[in-house]
There are 2 protein chains.
Amino acid sequence: MYKELNPPRRILMGPGPSDVHPKVLQAMANPLVGHLDPAFLEIMNETMDLLRHVYQTENKVTLAMSGTGSAGMETLFVNLVEPGDRVIIGVNGLFGQRMVDVASRCGAEVIQVEASWGDIIEPEKIEDALKKHNNVKLVAVVHSETSTGVRQPLEELSEIVHKYDALFVCDMVTSLGGIPTKIDEYKIDAAYSGTQKCLSAPPGLAPVTLSPRAVDVLAKRKNKVQSWYLDLSMIQNYWNEERFYHHTAPISMVYSLREALRLIVNEGLEQVFKRHALYGGALQAGLEAMGLELLVSEKHRLHQLTAVQIPANVSDLEVRKRLLEKYGLEIGGGLGVLKGKIWRIGLMGYNARHENVVFALAALEDVLREQGYHFISGAALEAANRYIRDHE
Amino acid sequence: MYKELNPPRRILMGPGPSDVHPKVLQAMANPLVGHLDPAFLEIMNETMDLLRHVYQTENKVTLAMSGTGSAGMETLFVNLVEPGDRVIIGVNGLFGQRMVDVASRCGAEVIQVEASWGDIIEPEKIEDALKKHNNVKLVAVVHSETSTGVRQPLEELSEIVHKYDALFVCDMVTSLGGIPTKIDEYKIDAAYSGTQKCLSAPPGLAPVTLSPRAVDVLAKRKNKVQSWYLDLSMIQNYWNEERFYHHTAPISMVYSLREALRLIVNEGLEQVFKRHALYGGALQAGLEAMGLELLVSEKHRLHQLTAVQIPANVSDLEVRKRLLEKYGLEIGGGLGVLKGKIWRIGLMGYNARHENVVFALAALEDVLREQGYHFISGAALEAANRYIRDHE
C-alpha cells in the first residue's frame with residue numbers, strides 16, 4: 001500500500017523546471033471541463049492571446065503543443081522539413097545537437113555550423129554555410145542555450161537567413177517570459193518553447209509560434225507529416241475557429257499555462273524582463289565576488305541561467321548533493337562536454353527574486369566552504385546587493 | 001487584463017476526459033521537484049509499480065509517455081514498425097482508423113480488417129488476413145473502442161496472432177482501470193492507454209507497456225526511430241536504473257498519475273472493475289427502460305462507455321447543449337459515420353457511482369421531454385436501481 005504523495009520541499013534553481021508560481025499550482029487543482037466545452041475553447045483563445053503577447057508576435061498560429069519543450073522542437077522539424085530538405089543548424093551546446101538528431105530523423109540533410117560550448121554562433125559562419133550550399137530550406141539556432149547559458153543574438157542572423165530565402169527557426173525554451181523574443185520585429189519564422197522555465201508553469205506543454213510564411217510552407221508540403229500527434233495542419237484546426245477534434249488536450253496543463261501567462265502579462269512584460277536581468281545580474285556579481293568564474297563572456301551571458309565553472313578540487317556531485325540535502329536547493333550540473341565542469345544556476349520566472357539570490361549565494365558559500373574552498377565571507381552578498389542598488 | 005481562471009463546474013460523463021478524483025487534483029497542486037531529483041526518481045518507480053499492477057503485467061517496460069493517449073498510440077507504432085513492415089489493423093471505429101493513419105506515416109504497409117462501427121472484429125477475419133499475407137509484423141486492435149462502446153475480446157485473437165508469429169498490440173485507452181486488461185495472461189505484446197478515462201486523472205500522459213518480446217523487436221531495429229520525442233530506447237533509459245536525461249518529465253502529471261493509480265490499487269482492482277460493471281450496467285438498464293436503443297449488442301458492450309442511439313426527431317446538438325447549460329452535464333456526440341446518430345455516455349473511474357447514474361438518467365429524461373420525446377416517468381431510475389439490487 002502506497003501512501004499519499006508527499007514530495008519534499010525544494011527550491012528549484014537549476015536549468016528548469018523552476019518553481020511553479022503558487023497561483024499556477026492552484027489553477028491546476030481546478031476540476032476539469034471537457035476539451036470541446038465552450039468554456040474550454042474560450043480558455044484556449046485566451047491562452048493563445050496571452051501567448052502572442054509574451055512571444056511578442058501577432059502570428060495567428062501561436063499555440064501550445066501537448067508535450068514538453070522537446071516535443072516543440074520536434075513539432076517544428078517534422079512540420080517544416082520534408083525528406084531530402086537541406087537545413088543548417090547552429091550547434092554550440094546540447095540543444096543544437098538535439099536539433100541535428102531530430103532533423104536527421106525527419107530525413108533532412110543537415111549542415112552543422114559549430115562553435116565552442118559557451119560561445120555564440122557567429123553570423124558570418126552561418127552566411128558562409130549559406131553561400132556554400134544552395135537551396136537551404138531553414139536555418140535553426142538556439143536563442144538561450146540551456147546547456148551553456150549563452151544568449152544568441154538574432155537580429156543580424158535573421159537578416160542573413162532571409163537574404164538567402166530560408167526560414168529562420170529558433171529554440172526559445174529558456175527565453176520565453178525571461179528575455180525579449182521579438183518574433184515579429186526580428187522576423188523569426190518559427191519558434192518553440194517550454195513551460196517549465198521562465199513561465200514558471202510545470203513542464204508538459206510546448207508553446208510554438210509560426211509566421212504566415214512558415215504556415216505557407218506547411219500548406220505546400222508534398223508528403224504527410226511523419227508524426228500524426230504533432231501534425232500542425234490538424235492541430236491548428238483544433239485551436240482555431242474550426243475546433244476539429246484531434247486529440248484530447250491536456251486540460252490541467254492548459255489551465256496552468258493560461259494562469260502563468262496571465263501573471264506575466266499582468267506584471268507587465270517589460271517589468272518581467274527587467275526583473276530577470278536585475279536579479280540574474282546580481283547573482284552573477286555575487287558568484288564572481290566569491291571568486292568563481294563564469295563560463296560565458298558578459299556580452300553573451302543569459303541572466304536567467306548562469307553557468308559557473310566548478311573550482312579545482314571541489315566535487316561537483318558532492319556540492320549538489322549537499323545543497324539538495326542541507327538546503328533543499330537544486331542547481332544543475334553540466335551536460336555533454338561540460339559534465340563535471342560547470343554548474344548551472346537558474347533564476348527563472350517566479351524565482352527571479354531577491355530572496356532567491358541571497359539564499360543561493362549563502363547556501364553555495366556554506367557548502368563550498370565544507371569542501372575546503374575559501375573566500376571572503378559576505379563578499380558575495382555585498383556584491384549582489386551593490387549590483388541591485390546600481391541597476392534598480 | 002484577464003481575470004484569474006474560473007472554469008465552470010461540470011460533470012464529465014462523455015467519452016473522456018472524465019471527472020478527476022479530488023485527491024488527484026490536490027496531488028497536482030504540490031510544488032515541483034526536479035526531474036532528476038532522487039525523490040522524483042522514487043515517485044517514478046512507484047508509478048511504474050502501480051502501473052504494472054493496474055495493467056496486470058510484470059513487464060519491465062511499463063511507463064508513462066509524456067503526451068496524451070494518441071501519443072501512446074504513436075509511440076508503439078514508431079518504435080515497433082520500420083518502413084516497409086507489414087501490419088494488420090482491425091478497424092471498427094475511429095481509433096482503428098487512427099491507427100491506420102499513424103502506422104502509414106511510419107512507412108508500414110497496412111492491411112485493414114474491417115467491421116461495422118458497433119461490432120467487434122471477428123477473430124476469423126484476422127486469421128484470414130494472416131493466411132493471405134505472410135511476414136506480418138504486428139496485428140493491432142482496439143480493446144475498448146471509444147467511438148462505439150464496443151469491447152473487443154482478446155484471448156482468442158492473441159492466440160491466432162502468435163500462431164503466425166506476429167506481435168499483438170492493443171489500444172487500451174478506455175480500458176485501463178475500468179475493465180481487466182490481462183496483459184500477461186492474454187500475452188499481449190504491447191498496449192497503450194490514456195490517463196483521462198477510467199484512471200480519473202487529467203489527460204496528458206500515455207501509459208504504455210511492452211512485453212520482453214516487443215522490447216526485443218525494438219532492440220533489433222535497423223533504422224533509428226523516426227520520432228526523437230517518442231523513442232522508447234532512450235526513454236526507457238530515463239525510467240530505468242540508468243536515469244539518463246532525455247526530456248524534462250511532466251512532473252505534475254506524474255504526480256497526478258501516481259495518485260490516481262494509488263487510489264485504484266488501494267480500492268482493489270477487482271472491486272474497481274466490479275464497480276464499473278455494476279453502475280455501467282445500471283445506466284444501460286435505465287436507458288433501455290427509457291425506450292432508448294443501445295448501439296452495441298449486450299455481449300460486446302462496454303460498461304464504462306455506452307453508445308445510445310439518438311431517437312428520431314430529437315436534436316443531437318440541442319440535447320447536449322441543454323444538458324450542459326441546464327445541468328452542467330457533458331455527454332459525448334458521435335464521431336465519423338456515427339456523428340448525429342449516437343450519444344456516448346461515460347461512467348469512468350471516479351464517476352462510476354450511483355449518484356452519477358441517477359443524475360444522468362434524470363437530466364436526460366428531463367431534456368428529452370423538452371424535445372418532445374415521451375416515456376413513462378421514473379421507469380429509468382426504477383430499472384437502474386433494480387439492476388443494482390440484482391447484481392450487487
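This report describes selected local features of a predicted model.

## Basis of the description

The model is predicted, with local features needing pLDDT of at least 70 and side-chain atom pairs counting only at pLDDT 80 or more, while totals for chains, interfaces and linings use all residues. Residues are numbered from 1 along each chain as its sequence is written, chains are lettered from A and ligands numbered from 1 in the order in which they are written, and side-chain values use heavy atoms, with hydrogens and water left out.

## Salt bridges

Over all chains, the structure holds 52 salt bridges (a side-chain nitrogen of Lys or Arg within 4 Å of a carboxyl oxygen of Asp or Glu). One of them joins A:R86 to A:E109, with the closest N and O atoms 3.2 Å apart. A:R86 belongs to strand β3 (residues 86-91) of chain A and A:E109 to strand β4 (residues 109-114) of chain A, so this pair ties together parts that are 23 residues apart in sequence. Helices (H or I, at least four residues) and strands (E, at least two) are DSSP runs, numbered from the N terminus. A:R86 is partly exposed at 22% relative accessibility, and A:E109 is partly exposed at 35%. Here, buried means under 20% relative accessible area, exposed over 50%, and partly exposed in between (1.4 Å probe, protein chains only).

A salt bridge also forms between A:E370 and A:R322, at 2.8 Å from N to O. A:E370 lies in helix α12 (residues 354-370) of chain A and A:R322 in helix α11 of chain A, so the pair ties together parts that are 48 residues apart in sequence. In chain B, B:K326 and B:E370 meet in a salt bridge of 2.8 Å, N to O. This pair links helix α11 (residues 316-327) of chain B, which holds B:K326, with helix α12 (residues 354-370) of chain B, which holds B:E370, across 44 residues. Salt bridges that share partners also join A:E4, B:K23, B:E259 and B:R262 into one network.

## Cysteines

The structure holds zero disulfides over all chains (a disulfide being a pair of cysteine sulfur atoms within 2.5 Å). For A:C198, the nearest cysteine sulfur is that of A:C170, 16 Å away. A:C198 counts as buried, at 2% relative accessibility. In chain B, the sulfur of B:C170 is 16 Å from the closest cysteine sulfur, in B:C198, which is too far for a bond. B:C170 is buried, with a relative accessible area of 0%.

## Backbone features

In chain A, a cis peptide bond joins A:G16 and A:P17, with omega about 5°. A:P17 is found in the loop between β1 (11-12) and α1 (22-28) of chain A. In chain B, a cis peptide bond joins B:G16 and B:P17, again with omega about 5°. B:P17 lies in the loop between β1 (11-12) and α1 (22-28) of chain B.

A:N313, a residue other than glycine, has a positive phi near 65°. A:N313 sits in the loop between β11 (305-309) and α11 (316-327) of chain A and is exposed, with a relative accessible area of 77%. B:R243 is not a glycine either, yet has a positive phi of about 60°. The place of B:R243 is the loop between α8 (232-239) and α9 (251-267) of chain B, and B:R243 counts as buried at 17% relative accessibility.
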